[in-house]
Amino acid sequence: MGVKEIFESMEYGPAPESAAEALAWLVDQGDRFGHFINGAFTAPGDGFDSRNPATGEVLATLSQATAADVDVAVAAARAAQPKWERIGGAGRARFLYALARLLQKHARLFAVLETLDNGKPVRESRDIDVPLAQRHFYFHAGMAQLMADQLPDRHAIGVCGQIIPWNFPLLMLAWKIAPALAMGNTVVLKPAEWTSLTALLFADICRQAGLPKGVVNIVTGDGAVGEMIVAHPGIDKIAFTGSTEVGRRIRQATAGTGKALTLELGGKSPYIVFDDADLDSAVEGLVDAIWFNGGQVCCAGSRLLVQEGVADAFIAKLKARMDGLRIGDPLDKCIDVGAVVDPVQRDRITAMVDGCSAGVIHRAAGALPDGGCFYPPTLITGLSQSDPLMQEEIFGPVLVSTTFRTPGEAVQLANNTRYGLAATVWTENVNLALDIAPKLAAGVVWVNATNLFDAAAGFGGVRESGFGREGGWEGLAAYTRPKGKPRPLAPVAAFEGAGEPEDGIDRTPKLYVGGKQARPDGGYSRTIYGKRGQLLGQVPVTNRKDIRNAVEAAQAAAGWGKTTGHLRAQILYYLAENLSARAAEFAARIDAMTGKRGGRDEVAASIDRLFTYAAWADKYDGRVHSVPIRGVAIAMNEPVGVIGAFCADDAPLLGLVSVMAPAIAMGNRAVLVASEPFPLAATDFYQVLDTSDVPGGVVNILTGSHADLAPHLAGHMDVDAVWSFSSSPISAVIEREAAGNLKRTWVNNGQTRDWSAQDWLSAATEVGNIWVPYGE
Amino acid sequence: MQTTALSTQLPLVTEPRNAGLPLDLDWVRGAQANTSAIERRAATLPGRRSVKKDWQAAWLCRAVSCIDLTTLSGDDTEDRVRRLCAKARQPVRADILQALGMEGLSVGAVCVYHDMVAAAVDALKGSGIPVAAVSTGFPAGLSPFHLRVAEIGESVQAGAREIDIVISRRHVLGGDWQALYDEMRDFRAACGDAHVKAILATGELGTLRNVARASLVCMMAGADFIKTSTGKEGVNATLPVSLVMIRAIRDYHARTGFRVGYKPAGGISKAKDALVYLSLIKDELGDRWLRPDLFRFGASSLLGDIERQLEHHLTGRYSAAYRHAAG
């Protein structure tokens, strides 16, 4: 075609980015890779091919790590860790800065290699992935520098096992490695087997940066290698990004091991368009929401919810925009949608869409390239919540949609999902936007924008999208632990006895559910004896139905989370006041149960704790992150929801109050299982609750065997977090059962330590980031 | 040189002229423009689209065909305008056009003040290149209304086939859409068969939302083209403003079936910028708008940069300004 013909047709034509440099780098490495362990590449072993999904061509041969390889890598990381931590934050900052600089110097090499390996458009790897990866190392160089000053009470966790996905190979590596290294950890990282090449190039620049040996170790291979890392006893923390299904298995596998865990999992993120939105901009936003990286994005805005009045106009605009998308060679600088990462994924997407019998399917008009692994941008309109594709993550360029009538219905539909990673809201009404954003069950909310990321703002989900945050101050919690040594926690046994009651009139403690005293469903009671064998009382034996009732009562009290911190503070002060009025009675009760003389001090400490969290109730402020846009990212400390907790056994009142006060101060509702051997202070306490204006359902108190109740409370799908300070060995069962809905857990693993108020407050909240670009 | 089969001046009769429609205030007031989102789209566009080699040469020739070669200076003289018209006929060195197979390429129009219209019409006789006159008290548009209307008539009579009018910014800033509509209607009527381009002076409208609403009102009142700027405002054509205006054009076409043209003016001086604008038009409005009857660049120095790029395309060596004829 000559210039004159193109002058008439005005077609785009090819605009290829050269792959020569990246291919030359692969040739220089012999097209075969071993692992990067202790600062050097191992000899290539048995392995597998890494292919370019756009062409099917083999790019390199990678090694499948053996158990021995993983052992050596973990040992190298372990050996390197103490020294890496000891060089201090300023010392580590120099290395992180060097890594950031090297990522910049080799920016195009990283971008082209990423596109060859993954199939994403080179525009995305060049303009988004690689710059964000650089930014993550710059940002965390700063965090290392500031650590001693800003986080004086925390230190490194140790050796981190990190498993990352194939959709953002280099960027996810940066999200994992930068904060881990900044805080003084060393890492063993496994890239996804389809996309390991930029991780290996990163290993190369670790050498160029002079990074001490063993600080970063990279092992390649499939899921079996991931399992070895997860199960490895020499690893202190697992960080995983990937599917909810695998995340659940990791939660189960690490249960009770004491390994710290963060999971960044799947999503089905809502994209809400109100009738006053700039519809053209909202359509363009969808291009970045669901066709960015071919929809192979955990936070993809994959579920369109559009207000009825503008739905037809919006869908018409959307279809027209879809038809203009250019699908093709990912190395072409003028295409919008590249290749799907692997034929396995393309077949999966195909099967899901072909299996959809409802709605109307529209596929983008643009031609697909011959050969290679491509799937057309697709829109399915007219679906309902009950259609499987409105619920299941497709992880491809497929958008599903439905309509809504009111803001309230939009929130209801948006939150009608097991996931909770991200959400997008389009409206020109600031009242509506700021009202809706915090109501959405999502770790990240974008207002009039989508897929905005930055190292300064935490990213991560709620519900089955996982837990933990990456980026921002909030992300550092995932790679630090409190200083000070925990102590072993001895089991606290109930006293045996056969004595008679010493009180005059019989008292009947009950369960406290929904603000009312309730008899146990099972109709059984257990007798509590004092140290001398005297009968102190009978407490109900809670069963799973009582747990169900308590959780339902707690869920019904959801309004508590919407109350003001000022109101919650007043109620906590009032609790302290009313407890103080009965201090002598509680002290005597505690002494009678424990057979010690610490009751007075424990009551005083409990009152003090109520004052402390009354104080915090209106002061645990969020942040406004300094993100590089004209706008703000508001990090809000939101309540976790319904927290189930097994209270400490040794301190009958203080154990209960210590859990309850921070939980309800932050707006959570609590289902508290009292000290198993000494439950009567807790059952006395509900009278204090009754007289202190605590709304029914906000605090629920159960009594019974921690071991019996742990699987039921931890397995309840409508509980958002479970904590245990029990002296019974229930940590493992809690973490295992929590995998069901991936609820947050905070368990003691048979140890005890003095937690700071910051620890409690942080456990009682979830950081949600709301991005609000502005400008007129 | 006569124009050849090249579609430089596509006959205007191929599109029905925008007849306008009654002022629809619900539509006008419902128009939204989210500045941050529009700026993001504009900022990423140059990274999303790339045109190389023969395609780039062809696109640059297309840009040339859409240029309103312009001189709007107080020191314009008839000879100066004649020189510009000669450049309009032969915008690119003949040997370059020959090598590209693009003989006969000319610009979209020549744009001058009223007093220069007659000279320009005379200089362009037989070329098929229309003369556009800026009018209605350009650039501020604050002379007496009857004189502004009369100025249009004079320019048409002098042979201008296109009239670039300026709107009263105060009508937009005060939200007086009826006044803007009435003014535009009168200007259109005064143009008769000459095509009217409505200059919004977007740099003085305060918000992108105002740009969107003013665009709609001018189209409802019968504008054949909407144009960003006089070139005299502090801020002239930008990608975000262009995005807002062409989305308004798209909506107007979707509802009425009329295709209204678009002319960004001022500040577009590089060949690369021209390519970005063409890709913006192609992606947002479609190929039909990539023709001089529906798209123009209001530019004076853009052509020089394009000439150098075209020579580079042929020789593989970067060119120098003095190797190309001045306008």
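**Exercise 1. How many salt bridges does the rule find across the interface of chain A and chain B?**

Step 1: A salt bridge is a side-chain nitrogen of Lys or Arg within 4 Å of a carboxyl oxygen of Asp or Glu.

Step 2: Know what you're looking at. This is a predicted model, where local features need pLDDT of at least 70 and side-chain atom pairs count only at pLDDT 80 or more, while totals for chains, interfaces and linings use all residues. Residues are numbered from 1 along each chain as its sequence is written, chains are lettered from A and ligands numbered from 1 in the order in which they are written, and side-chain values use heavy atoms, with hydrogens and water left out.

Step 3: Apply the rule. Nine salt bridges turn up across the interface of chain A and chain B; over all chains, the count comes to 63.

Step 4: Look at examples. Arg209(B) meets Glu776(A) at 2.9 Å, N to O. Asp336(A) and Arg49(B) also form a salt bridge, at 2.7 Å, N to O. Asp336(A) sits in the loop between H12 and helix H13 (343-354) of chain A, and Arg49(B) in the loop between helix H2 (35-48) and helix H3 (53-65) of chain B, so this pair joins two chains. (Helices, H or I with at least four residues, and strands, E with at least two, are DSSP runs numbered from the N terminus.)

**Exercise 2. Describe the contact of chain A with chain B.**

Step 1: Count residues. With contact meaning heavy atoms within 4.5 Å, chain A brings 42 residues and chain B brings 44 residues.

Step 2: Check polar contacts. There are 23 residue pairs in polar contact between chain A and chain B, both at pLDDT 80 or more. Such a contact is a pair of N or O atoms within 3.5 Å; within protein, one must be able to donate a hydrogen and the other to accept it, and residues adjacent in sequence count only if both atoms are side-chain atoms.

Step 3: Find the helices. H1 (3-9), H6 (122-150), H11 (279-290) and H12 (308-323) of chain A each supply at least two residues to the side that touches chain B. H1(A) gives the most, with six residues.

**Exercise 3. In what order do the eight strands of the open sheet in chain B run?**

Step 1: Read across the sheet. The order is E7-E6-E5-E4-E3-E2-E1-E8 (chain B), and the pairing is parallel. Two strands pair if DSSP finds at least two bridges between them.

Step 2: Check the edges. E7 (261-263) and E8 (297-299) of chain B each have a single partner strand, so one side of each is left without a neighbour in the sheet.

Step 3: Zoom in on a pair. Three bridges link E2 (residues 109-112) and E3 (residues 131-134) of chain B in the parallel sense. Val110(B) stands opposite Val131(B) in E3(B).

Step 4: Follow the chain past E3. Pro139(B) lies in the loop between E3 and helix H7 (145-157) of chain B. A cis peptide bond joins Phe138(B) to Pro139(B), with omega about 0°.
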